[in-house]
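Please look over the sequence and the 3D structure shown below before reading on.

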Amino acid sequence: MTVLRYESHLPFSPDAVYAWHARPGAFERLVPPWERMHIRREEGDFEHRRVTLDVRIGPVGVRWVAQHQEAEPGRQFVDVMAEGPLRRWRHVHRFIPQDDGCELSDVIEFDAIGARLLERGLRRLFEFRHARTRHDLERHAAWPARRLRVAITGATGTIGRALKAFLTTGGHEVLTVSRGTTGDVPWNPPRGELDAARLEGLDAVVHLAGHNVSQRRWSAAEKRRIVDSRVVGTRLLCQVLARLSQPPKVVVAGSATGWYGDRAEPVDETSSAGAGFLAEVCRQWEAEAIVPGVRVVHLRTGVVLTSLLARLLLPFRLGLGGQLGSGRQMLPWISLDDLVAIIGHAIFTDSLSGPLNAVAPGAVSNADFTRAVGKIVHRPTVMTVPAAAVRAVFGQMGEEVLLSGCAVRPKRLEETGFRFFYPRLEEALRFEVA
């Protein structure tokens with residue numbers, strides 16, 4: 001039997017930390033990006049919850065059923081493995097009072113083949129979990145205590161899923177706007193369908209829906225799909241919101257740093273629009289995001305590290321990572337944790353409207369990014385992919401997404417006092433990579 005302990009101090013009461021763990025979304029917030037698992041089913045209230053997980057261990061998928069027991073609100077709860085790949089698993093979560101907060105304590109007893117290797121992975125896992133718990137609690141404590149009703153489009157994407165979990169663990173109610181049957185508010189933009197009645201009385205709407213711009217070459221049909229997924233959906237949403245008797249107080253509408261085009265000089269929210277397909281998409285996208293009488297924030301998001309790393313880590317681990325073209329093109333990036341907090345900041349900061357650059361303070365070049373990832377995964381990055389090869393394989397998409405960039409400054413975030421937890425690339429990478 002192996003026993004692992006991981007403890008850290010949090011400047012919050014045991015009741016507050018317990019409540020964060022007990023709210024919907026806590027499990028999603030506690031799963032790091034390198035772990036491949038998702039909830040298939042949850043049953044019962046928190047103190048007696050039974051959770052069925054799909055877990056990937058290497059190439060193998062397994063089912064893990066966790067059962068909560070021995071719950072004492074504000075003090076502890078225990079989860080045991082009722083079904084799964086280990087011989088035994090018992091995890092005691094304790095919230096121990098201290099004069100200036102509480103000690104968050106995780107004690108895990110497990111019996112498994114390869115216990116030493118598993119123990120190393122668990123220490124990294126709990127380092128991540130404690131850091132994210134602390135950061136989320138700090139974010140929520142910095143905002144007014146009122147609880148909001150927020151609707152999210154694009155809630156099944158990387159940003160939307162993280163935002164929903166972040167808001168619900170803060171005690172807010174989240175409605176998902178979705179074409180599927182699993183959402184709370186059905187909509188179908190091509191058909192002009194959106195259930196307006198369910199949007200009455202919201203505090204905020206976060207509009208993130210849009211077709212991925214970088215998953216294939218841009219044929220004429222693909223470019224139309226990219227434009228329509230943003231323009232048609234945004235137009236429908238804003239027209240419906242404008243007709244409500246109780247419209248939301250704020251709309252945070254998705255956009256992107258592609259609005260600035262390929263630029264050599266640094267840019268901020270006061271800079272003019274750039275040229276190219278992506279810049280035109282963003283211009284049309286933002287032009288539709290208008291709701292008379294409602295504060296609207298245009299969220300010009302940079303490259304989200306979690307999404308980028310999901311595609312890059314394997315080739316980098318195999319020693320195949322390298323810069324693209326000259327490597328001089330600038331990469332405006334943002335950590336996923338800072339991004340969801342920026343959205344919360346936009347919701348709660350009444351002085352914010354119009355464009356808002358959701359990027360870290362220091363854009364880096366493609367070459368610097370390549371070296372930083374290589375350093376984190378301990379692999380060389382001596383390869384270079386010629387620009388001509390990128391253009392030959394990816395066409396215009398490769399030219400605008402992979403070989404272009406700009407140094408975007410988060411001027412309005414800095415002016416309104418937003419605090420980045422991950423302002424520097426290397427520390428952001430270390431948080432996201434096992």
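## Strand pairing and side-chain surroundings

In β9, L175 is the bridge partner of A151. The model is predicted, so local features need pLDDT of at least 70 and side-chain atom pairs count only at pLDDT 80 or more, whereas totals for chains, interfaces and linings use all residues. Residues are numbered from 1 along each chain as its sequence is written, and side-chain values use heavy atoms, with hydrogens and water left out.

Strands β8 and β9 run parallel and are joined by five bridges; two strands pair if DSSP finds at least two bridges between them. Helices (H or I, at least four residues) and strands (E, at least two) are DSSP runs, numbered from the N terminus. Five of the six residues of β9 are buried, so this strand is largely enclosed by the rest of the structure. Here buried means under 20% relative accessible area, exposed over 50%, and partly exposed in between, with a 1.4 Å probe and protein chains only.

H172 lies in the loop between α4 (158-169) and β9 (173-178), and H172 is buried, with a relative accessible area of 7%. Not counting residues up to four places away in sequence, H172 touches H140, R146, R147, L148, L167 and F348, where contact means heavy atoms within 4.5 Å. A polar atom of the H172 side chain lies 3.0 Å from the backbone nitrogen of L148.

Helix α1 (residues 14-22) has P14, V17, Y18, W20 and H21 as its buried residues. Seen down the axis of α1, these buried residues fall within an arc of 155°, so they line one face of the helix; the arc is that of the directions from the helix axis to the C-beta atoms.

The structure holds 15 aromatic pairs. Among them, W143 and F166 form an edge-to-face pair, 6.0 Å centre to centre with 90° between the planes. This pair links distant parts of the chain, with W143 in the loop between α3 (115-141) and β8 (149-153) and F166 in helix α4, 23 residues apart. Rings of Phe, Tyr and Trp (its six-membered ring) pair if their centres lie within 6.5 Å, with planes under 30 degrees apart counted as stacked, over 60 as edge-to-face and the rest as tilted. Both W143 and F166 are buried. Ring pairs also link Y18, F46, F77 and F95 into a cluster.

Arginines also sit over tryptophan rings, as tabulated here.

| Arginine | Ring | Distance from ring centre |
|---|---|---|
| R230 | W285 | 4.8 Å |
| R300 | W259 | 3.6 Å |

A charge sits over a ring if NZ of Lys or CZ of Arg is within 6 Å of the ring centre and within 35 degrees of the ring normal.

Conventions: Polar contact = N/O pair within 3.5 Å; in protein donor to acceptor, adjacent residues only side chain to side chain.
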